Amino acid sequence: MDISIVIPLYNEEESLPELTAWIKRVVDAHEYSYEIIMVDDGSQDDSWEVINELRKNNEHIKGIKFQRNYGKSAALNEGFRSALGDVIITMDADMQDSPDEIPALYNMIQNEGYDMVSGWKKKRYDNKLTKNIPSKLFNAAARKSSGIKLHDFNCGLKSYKKKLVKSIEVYGEMHRYIPIIAKWAGFKKIGEKVVEHRPRKYGVTKFGWERFVNGFLDLGSIMFVGKFGKRPMHFFGLWGTVAFMIGLGIFLWLTITKFFFDHTGLTQRPLFFFAILAMIMGTQLFLAGFIGELIARNSPDRNNYLVETKTGL
Ligand SMILES: Nc1nc2c(ncn2[C@@H]2O[C@H](COP(=O)(O)OP(=O)(O)O)[C@@H](O)[C@H]2O)c(=O)[nH]1
Ligand SMILES: [Mg+2]
């Protein structure tokens, strides 16, 4: 199969018929073999009934329905697990992403050798204050910390090589960071394509400004897990030792000065408390590192490495 189109959705009943008809027009024109995997994330409207209705006329439409709402990441992850196509394309259900982009996204993966291509909503039709500006900030932070030069990390329209989606796991609210997850998994060729963005025709947006706070926290965790997930002691041990040594150094200095230079009491000096604090924090960090190592050692993923090729085996 050429293409799997994975569509996470939540309360989008009005858009689905138009969206699937449009996708069908595009893929039929290019004679791709395809499937459309709709992941209904516990919608409260009739999205699931609509999906079943659409399926009657197009057996390429498939559906997964969650028992309750788990979030966009969970939906994408589940869609990725079931996808059969050589190229996987994700797309929002609200028709803000245009299916006309499918052929170009497909070609960049299949013929130009990209591991993943992210859409870039260069001209964006969303609320400036609650979306466009926070999104600029957020993208700058993600670019800076990950070193991946994308303008629009969180664009719903993306295409992937099959091997990539089968070897990553998206959870929590991590769908914003799939490019970073992919990079940590060793997929280097990450491209970008300017895509057409359209105003929302039906329904309402599900992502407001409050999700951006979580977005930044998630960025912190993902960078940390990617870098130190398999070796926590290298982070905690280093900083624990540094903090402890600083504390110990100050403490020794205070002790020496107490006996040989001035005779101010040790505990009267503010630095004393700083020294104690640094030593306690250092010990705590070190212990956190030990516990992290114990957990990592028991993790089923501890020896999960992605083998690119083998020879002679
Ligand atoms: N599976 C799932 N999809 C969601 C959820 N929230 C939003 N979506 C879908 O994600 C896509 C983008 O959401 P949207 O509200 O349009 O966000 P915006 O384009 O940033 O305003 C749409 O297809 C939504 O249906 C959710 O909780 N679970
Ligand atoms: Mg939208």
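1. Strand E2, spanning residues 34–40, is mostly covered, since 6 of its 7 residues are buried, where buried denotes 20 or more other C-beta atoms, placed from the backbone, within 10 Å of the residue's own. Strands (E, at least two residues) and helices (H or I, at least four) are DSSP runs numbered from the N terminus.

2. The model is a predicted one, in which local features need pLDDT of at least 70 and side-chain atom pairs count only at pLDDT 80 or more, whereas totals for chains, interfaces and linings use all residues. Residues are numbered from 1 along each chain as its sequence is written, while chains are lettered from A and ligands numbered from 1 in the order in which they are written.

3. E1 and E2 run parallel and are joined by 7 bridges, pairing being counted where DSSP finds at least two bridges between two strands; Pro 8 has Val 39 of E2 as its bridge partner.

4. Ligand 1 is surrounded by 19 residues, the closest being Asp 41, Ala 75, Ala 93, Thr 205 and Lys 206, with a residue counted if its C-beta atom, placed from the backbone, lies within 6 Å. Strand E1 (3–9) and helix H3 (72–82) are the elements that give two or more residues to this shell.

Methods
Buried ≥ 20, exposed ≤ 12 C-beta atoms within 10 Å, placed from the backbone.
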